[in-house]
Amino acid sequence: MTSPLYNASIPVMQQMLQALSDVLKKAEDHATQKNIEPNALLQARLFPDMLPLTRQVQIAVDFSKGISSRLAGAEVPSWPDTEVSFVELQALITKALAHIDSFKPDQFDGSESREIVLRPGTPKEKKLMASAYLLHYGLPQFFFHVTTAYAILRHNGIEIGKRDYMGAY
């Protein structure tokens, strides 16, 4: 039997990252067809105090690599988050998909009882059991940033809908 935490994380993040990649491709195509400067979309925000599209994608990717690594008991890789173009964001998503694809279901065996420590050694340190980490922190954060990226693009006129957001399942 495959670990419930594997089933609740890896396939879900694969689906949503691929959908995010497809939505970004539509945004890039839209910018090209309408002669819109790509940076107008890449730096778009829903509200001035929110992060721009580029950062939303980077954070979604950060959560995908963090969730998968922590649940598998592996070290979370550090990536610099320096992407500034659609091409670079696509490469980042490809890199994230390769990272999460590298984990096998048996690496998650017994992970339900694993303790996850966030921000270790800082005043914001938080300890969670793996299932609580995934279901109450990791996935909600991941979905927030994927959804915000989608909303930024939809708000800016990209013709996307729920099927684009959901991707193939």
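Visitor: What covers the buried residues of helix 4?

Guide: In this predicted model, the buried residues of helix 4 include Phe86, Leu89, Ile93 and Ile100. Looking at what lies over these buried residues, we find that the cover includes helix 1 (4-33), helix 2 (38-42) and helix 3.

Visitor: How are helix 3 and helix 4 oriented relative to each other?

Guide: Two packed helices are described by the angle between their axes and the distance between the axes. Helix 3, residues 53-72, packs against helix 4, residues 86-101, at an angle of about 10°, and their axes are 9 Å apart. Because angles under 35 degrees count as roughly parallel, helix 3 and helix 4 are roughly parallel.

Visitor: How do the residues of the contact of helix 3 with helix 4 divide into nonpolar, polar and charged?

Guide: Helix 3 contributes residues including Leu53, Val57, Lys65 and Ser68, while helix 4 contributes, among them, Phe86, Leu92 and His99. Sorted by type, the residues of this contact are nine nonpolar, six polar and one charged.

Visitor: Is aspartate 81 buried or exposed?

Guide: Aspartate 81 lies in the loop between helix 3 and helix 4, and its relative accessible area is 19%. Since a residue under 20% counts as buried, aspartate 81 is buried.

Visitor: With which side chain does the side chain of aspartate 81 make a polar contact?

Guide: Leaving aside its neighbours within four places in sequence, aspartate 81 is in contact with Arg55, Gln58 and Asp62. A polar contact at 3.2 Å joins the side chain of aspartate 81 to the side chain of arginine 55.

Visitor: How far apart in space are serine 68 and phenylalanine 108, C-alpha to C-alpha?

Guide: Serine 68 has its place in helix 3 and is buried, with a relative accessible area of 0%. Its contacts, apart from neighbours within four places in sequence, include Ile10, His99 and Phe108. Although serine 68 and phenylalanine 108 are 40 residues apart in sequence, their C-alpha to C-alpha distance is 9.1 Å.

Visitor: Which backbone oxygen lies 2.8 Å from a polar atom of the side chain of serine 68?

Guide: A polar atom of the serine 68 side chain lies 3.2 Å from the backbone oxygen of lysine 65. The backbone oxygen found at 2.8 Å from a polar atom of that side chain belongs to serine 64.

Notes:
Residues numbered from 1 in each chain as written. Predicted model: local features only at pLDDT ≥ 70, side-chain atom pairs only at ≥ 80, totals over all residues. Heavy atoms only, no water. Axes fitted to C-alpha atoms, helices over the stretch in contact; angles between N-to-C directions. Helix = DSSP H or I, 4+ residues; strand = E, 2+ residues; numbered from the N terminus. Parallel < 35°, antiparallel > 145°, perpendicular 65-115°, else oblique. Contact = heavy atoms within 4.5 Å. Nonpolar A, V, L, I, M, F, W, Y, C, P; charged D, E, K, R; others polar. Buried < 20%, exposed > 50% of the residue type's maximum accessible area, 1.4 Å probe, protein only. Polar contact = N/O pair within 3.5 Å; in protein donor to acceptor, adjacent residues only side chain to side chain.
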